[in-house]
Amino acid sequence: MTDQLAFTQENRVRIQAVESSFGPSSKSLSRAGRVLVGEGRLMKLSRKGPQPKVFFLFNDVLVYGSIILHGRWHKKQQVIPLEHIQLEDLEDGLRMKNQWLIRTPRKSFYVGAASHEEKRAWIEHIEDCRARWVRNAGLQPRSDFATTWIPDHASAICMRCSDRFTVTQRRHHCRHCGFVVCGSCSKKRAVIRHIHPVKPVRVCRLCHAGLLAQEEGQPRVRGDSDAKNGSDDDVTVPDDEAYSDEDEGEESMDAHAPNRWLDSQMNWSPYVYLKPDHQVPH
């Protein structure tokens with residue numbers, strides 16, 4: 001009983017420390033039954049290339065954000081329910097080693113660990129927590145995941161009209177197919193419900209036509225990469241990239257810090273922290 005009470009208090013302090021590290025705009029992380037399982041730094045492949053992020057694994061959610069002030073403070077907090085996550089193991093890439101794919105309904109992205117051992121630990125812990133949470137809470141895992149964006153560096157031209165990107169001809173991403181497209185080919189907006197239930201998001205012309213056809217109960221439109229042959233008129237809309245703002249303005253930081261995993265028994269309770277070194281930032 002004493003050990004359980006001690007663990008409960010230590011766990012509460014750690015969760016409050018994580019919450020406060022994101023500043024006053026942080027979402028509340030304190031919840032009955034929530035346990036901090038592990039934490040560490042991973043590289044996340046963004047539009048600007050691999051960027052360092054801090055990740056916190058709880059027994060029911062995965063939290064991550066950007067790192068500032070030598071790792072003591074974080075920003076751009078993202079909270080993903082574990083039942084909304086699907087992992088895919090990957091081989092090493094040209095720009096990132098020890099990588100894997102995290103799929104979610106709103107956004108799918110690549111992450112990489114400092115070593116193969118850390119990668120395996122992250123994947124095993126996430127999958128174990130997810131399986132336990134889904135089973136114990138009686139939840140149905142999601143099956144509709146966002147398309148993985150093709151990295152900016154993978155194409156020097158628009159993947160719809162083949163116009164070359166320049167300083168003024170910026171790259172954008174279609175939220176439906178993930179293609180790298182120019183502004184002219186991505187003026188359309190459409191609601192993709194697993195990304196946002198009501199907010200229209202940027203889509204390319206070809207996907208826009210296909211989504212309209214689906215709504216009307218018609219066969220989905222397919223075509224070649226030259227979307228400018230379509231008959232739909234251009235619609236000028238404000239440039240809204242709010243959904244990808246977490247990839248902007250990344251702060252620099254030191255190289256990977258070792259992940260700190262909080263060991264446990266086979267059951268969630270009681271947990272014993274073997275390395276209780278996470279402190280409230282000050």
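Q: Which residues lie nearest the centre of the largest cavity, and how many line it?
A: The lining has 15 residues. Nearest the centre are Leu45, Ser46, Arg47, Ser108 and Trp149. The elements that give two or more residues to this lining are β1 and β7. The largest share, 3 residues, comes from β1.

Q: What kind of model is this?
A: It is a predicted model, where local features need pLDDT of at least 70, side-chain atom pairs count only at pLDDT 80 or more, and totals for chains, interfaces and linings use all residues. Residues are numbered from 1 along each chain as its sequence is written, and side-chain values use heavy atoms, with hydrogens and water left out.

Q: What makes a space a cavity, and what makes a residue part of its lining?
A: On a 1 Å grid over the protein atoms alone, a cavity is a set of points where a 1.4 Å probe fits but cannot get out. A lining residue has an atom within 4 Å of a point. The rule gives 2 cavities of 30 Å³ or more. The largest cavity holds about 150 Å³. That volume is the space filled by probe spheres set on the points, which are joined across faces, edges and corners.

Q: What makes β6 and β7 a pair?
A: Two strands pair if DSSP finds at least two bridges between them. Strand β6 (residues 99–103) and β7 share 4 bridges, in the antiparallel sense, so they pass that test. Trp100 stands opposite Val111 in β7. A hairpin of 5 residues joins β6 to β7.

Q: Why is α2 called a helix, and what is its span?
A: Helices are DSSP runs of H or I with at least four residues, strands are runs of E with at least two, and both are numbered from the N terminus. Helix α2 (residues 116–137) has 22 residues, so it qualifies. Its expected span is 1.5 Å times one less than its number of residues.

Q: Why is Lys76 called partly exposed?
A: Buried means under 20% relative accessible area and exposed means over 50%, with partly exposed in between (1.4 Å probe, protein chains only). Lys76 has 28%, so it falls in between. Lys76 is in strand β4 (residues 73–81). Gln78 is in strand β4 too. At 24%, Gln78 also counts as partly exposed.

Q: What makes the phi of Lys76 worth a look?
A: Most residues other than glycine have a negative phi. Lys76 is not a glycine, yet its phi is positive, about 55°. Ser162 has a positive phi too, near 75°. Ser162 sits in the loop between α2 and β8 (172–173).

Key. On a 1 Å grid over the protein atoms alone, a cavity is a set of points where a 1.4 Å probe fits but cannot get out, and a pocket is an open set with protein on both sides within 12 Å along at least five of seven lines; lining residues have an atom within 4 Å of a point.
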